[in-house]
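Subject: Structure handover

Hi,

Here is the structure I promised to pass on to you. Please open it alongside this email, and we can walk through it together.

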Amino acid sequence: TLLLLPILAFAQPSTIIYDVTNNRVIKGSLDNSEMSIASISKLMTVYTVLKENQDLNEVLEVTGKRTPNTKLSKGMRLSRIDLINLALIGSDNLAAQTLAENFPVGYSYFISKMNQHSQDLNMYNTRFVEPTGLSPMNYSSLSDIILLANAVHEFDIIKDAAKARTVTVHTVRGKKNIKITSNSTSMFFGREGIVAIKTGFTKAAGFCITMLVEADDRIFNITILGAKTKKERQLIVERFLKTINNT
């Protein structure tokens, strides 16, 4: 299956609208096909940090090499909560990597914990090999991502991140104070009714998104995997939001 992952981004996107409150599919299907999920992986990264009760105010030093899509650099020191917000809102890869590297027993144990939590959530079509989503070998399915989105929704930190259009953190490198501001990765951050959201993009995964939407005292999940362009992803979400409002 994994050998086909880079091809899937160019096929028809896999999509679903799921009524979480009433446990029923509104549109699409609970597909178990394994697909590369890009930065949606960061939801499990953050979930693992929170479930393992890490000290959110602890200041951590960035030690990893620079990655694509980051405003961090080696030697910067930030709190764990700031790294979480950068990973969720700005999808900062080095922020997610730093969270994993500062886990008790180390990076490899963190990845094993990500996979353990997946199993605990009955995400049997999911596997993580690293915390950012840059690897095409991080894969999941529509049905599993719905389970993950529901799980992370228990944390106010993740719900607060969904309300933010930008994230600003203050960091130190040596004796220098630095302010970092990152924009959210989607226009749907901060949109009324969106209570959890994470986007993703790699060549292998295409343009992806999962979000929880609150409407008429119900919670819905919208998940899209493998859209060809950011515009296509946006148009599908807009169409699905209209469907939810008319449900």
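How many cavities of 30 Å³ or more does the structure hold? There is one. Before going further, please keep in mind that this is a predicted model.

**The cavity**

The largest cavity has a volume of about 40 Å³. Its lining is made by Leu 43, Ala 149, Val 152, Ala 196, Ile 197, Lys 198, Thr 210, Met 211 and Leu 212. Helix H6 (142-152), S9 and S10 are the elements that give two or more residues to this lining. By class, the cavity lining divides into seven nonpolar residues, one polar and one charged.

**The core**

Along with Leu 72, Met 211 has the most contacts inside the largest nonpolar core, which has 79 residues. If you leave aside neighbours within four places in sequence, Met 211 is in contact with Phe 188, Ile 194, Ala 196, Ile 197, Phe 220, Asn 221, Ile 222 and Val 237. In soluble globular proteins, nonpolar side chains tend to be buried together.

The largest pocket has a volume of about 260 Å³. Of the 18 residues that line this pocket, Ser 39, Asn 69, Ser 91, Gly 200 and Phe 201 lie nearest its centre. Strand S9 (194-202) and helix H8 (230-245) are the elements that give two or more residues to the lining, and the largest share, four residues, comes from S9. The lining of the largest pocket has 10 polar, five nonpolar and three charged residues.

The second largest pocket holds about 170 Å³ of space. Strand S10 (206-215) and H8 each supply at least two residues of its lining, with H8 giving the largest share, five residues. Among the lining residues are Arg 191, Glu 192, Val 213, Glu 214, Glu 238 and Lys 242. By class, this second lining has five nonpolar, two polar and five charged residues.

**Helix H3**

Is helix H3 (residues 80-89) mostly covered or mostly uncovered? H3 is mostly covered, with nine of its 10 residues buried. The buried ones include Arg 80 and Asp 82, as well as Leu 83, Ile 84 and Leu 86. After H3 comes Ser 91, with a positive phi near 55°. Ser 91 is also one of the residues nearest the centre of the largest pocket.

**Salt bridges**

The count of salt bridges comes to eight. One of them joins the side chains of Asp 19 and Arg 24, at 3.7 Å from N to O. Asp 19 is buried, with a relative accessible area of 0%, whereas Arg 24 counts as partly exposed at 38%. Asp 19 and Arg 24 are also linked with Arg 218 in a network of salt bridges.

Another salt bridge joins Lys 159 and Asp 156, at 3.4 Å from N to O. These two residues are separated by about one helical turn, because they are three residues apart in helix H7 (residues 156-162). An α-helix has 3.6 residues a turn, so residues three or four places apart point the same way. Lys 159 itself is partly exposed, with a relative accessible area of 25%.

The side chains of Lys 163 and Asp 160 also meet in a salt bridge, at 3.9 Å from N to O. Lys 163 is exposed, at 58% relative accessible area, while Asp 160 is partly exposed, at 46%.

Happy exploring!

Methods:
Residues numbered from 1 in each chain as written. Predicted model: local features only at pLDDT ≥ 70, side-chain atom pairs only at ≥ 80, totals over all residues. Heavy atoms only, no water. 1 Å grid on protein atoms, 1.4 Å probe; cavity = no way out; pocket = protein on both sides within 12 Å on 5 of 7 lines; lining within 4 Å. Points joined across faces, edges and corners; volume = space filled by probe spheres on them. Nonpolar A, V, L, I, M, F, W, Y, C, P; charged D, E, K, R; others polar. Core = buried A, V, L, I, M, F, W, Y, C linked by side-chain atoms within 4.5 Å. Buried < 20%, exposed > 50% of the residue type's maximum accessible area, 1.4 Å probe, protein only. Contact = heavy atoms within 4.5 Å. Salt bridge = Lys/Arg side-chain N within 4 Å of Asp/Glu carboxyl O.
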